[in-house]
Amino acid sequence: PESPPVDAAMAQMRFLHYADVGGGLPPHVDLARTDLWGRRSTHTFILYLADCATGGETVLLSRQEDAADAVEAIVQPRRGRLLVFPHQCPHLARPTIEVP
C-alpha cells in the first residue's frame with residue numbers, strides 16, 4: 001500500500017527546506033499547534049538533515065531582536081543534530097551561505 005503524504009501522516013509537523021542560498025528566518029517565536037483532541041504543543045524540535053560549513057545557524061535569543069547582546073546560543077547545522085526548545089523562546093535562522 002502507498003504511504004500517506006508526510007503532511008497527512010504528521011499534520012502537526014512542519015518542514016523547512018532551504019533549497020536556495022540566502023534562505024533564513026528573522027527573529028520570531030513559534031506558535032503552538034492543537035491536535036484533534038485539544039492537546040497543544042509546547043516545544044519546537046529541529047532535526048538537521050544536512051551539514052552546513054557556514055551559514056544556516058539557529059540562533060536562540062533572550063528577546064525577539066537580532067542584536068549581539070540578545071544572543072543566548074548559536075547552533076550550527078549538523079546532520080542528525082536535534083535541537084529542542086520552548087515555542088516561546090525567541091530565535092532566528094541565519095541565511096544559508098551554501099546549500100548541501
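**Pocket lining, surface patch and salt bridges**

Y18 is placed in the loop that runs between helix 1 (6-9) and strand 1, helices (H or I, at least four residues) and strands (E, at least two) being DSSP runs numbered from the N terminus. The model is a predicted one, in which local features need pLDDT of at least 70 and side-chain atom pairs count only at pLDDT 80 or more, whereas totals for chains, interfaces and linings use all residues. Residues are numbered from 1 along each chain as its sequence is written, and side-chain values use heavy atoms, with hydrogens and water left out. With a relative accessible area of 27%, Y18 is partly exposed, a class that lies between buried (under 20%) and exposed (over 50%) when a 1.4 Å probe is used and protein chains only are considered. The C-alpha atom of Y18 is 9.4 Å from that of P100, although the two residues are 82 residues apart in sequence.

The chain contains 1 helix and 6 strands, and these elements follow the pattern α-β-β-β-β-β-β when read along the sequence. Of its 100 residues, 28% count as buried.

The largest pocket holds about 1,300 Å³ of space. It is lined by 38 residues, of which R14, L16, F45, I46 and L47 are the closest to its centre. A pocket is here an open set of points on a 1 Å grid over the protein atoms alone, where a 1.4 Å probe fits and protein lies on both sides within 12 Å along at least five of seven lines, and lining residues have an atom within 4 Å of a point; the volume is the space filled by probe spheres set on the points. Strand 1 (25-28), strand 2 (43-47) and strand 6 (91-93) each contribute at least two residues to the lining of this pocket, and strand 2 provides the largest share, with 5 residues. By residue class, the lining of the largest pocket comprises 20 nonpolar, 11 polar and 7 charged residues, where Asp, Glu, Lys and Arg count as charged, Ala, Val, Leu, Ile, Met, Phe, Trp, Tyr, Cys and Pro as nonpolar, and the others, Gly among them, as polar.

A nonpolar patch on the surface is formed by F45, L47, L49, L82 and V84, which together have about 550 Å² of accessible area. Strand 2 and strand 5 (82-86) are the elements that give two or more residues to the nonpolar patch. Residues of a patch have over 30% relative accessible area and no salt bridge, and nonpolar side chains are joined within 5 Å; accessible areas come from the Shrake-Rupley method with a 1.4 Å probe. F45, which lies in strand 2, is exposed at a relative accessible area of 58%, and L47, also placed in strand 2, counts as exposed at 51%. The C-alpha atoms of F45 and V84 are separated by 4.6 Å, while the residues themselves are 39 residues apart along the chain.

R81 itself is situated in the loop between strand 4 (71-75) and strand 5, and its relative accessibility of 34% places it in the partly exposed class.

Side chains of opposite charge can pair when their charged atoms come close. The count comes to 3 salt bridges, each being a side-chain nitrogen of Lys or Arg within 4 Å of a carboxyl oxygen of Asp or Glu. R39 and D35 meet through their side chains in one of them, at 2.7 Å from N to O; of these two partners, R39 is exposed, with a relative accessible area of 54%, whereas D35 is buried, with a relative accessible area of 16%. R63 forms a salt bridge with E65 at 2.9 Å, N to O, and R63 also pairs with D69, the closest N and O atoms being 2.6 Å apart. R63, E65 and D69 are accordingly linked in a network of salt bridges.

Terms used. Patch = residues over 30% accessible without salt bridge, like charges linked within 9 Å, V, L, I, M, F, W, Y side chains within 5 Å.
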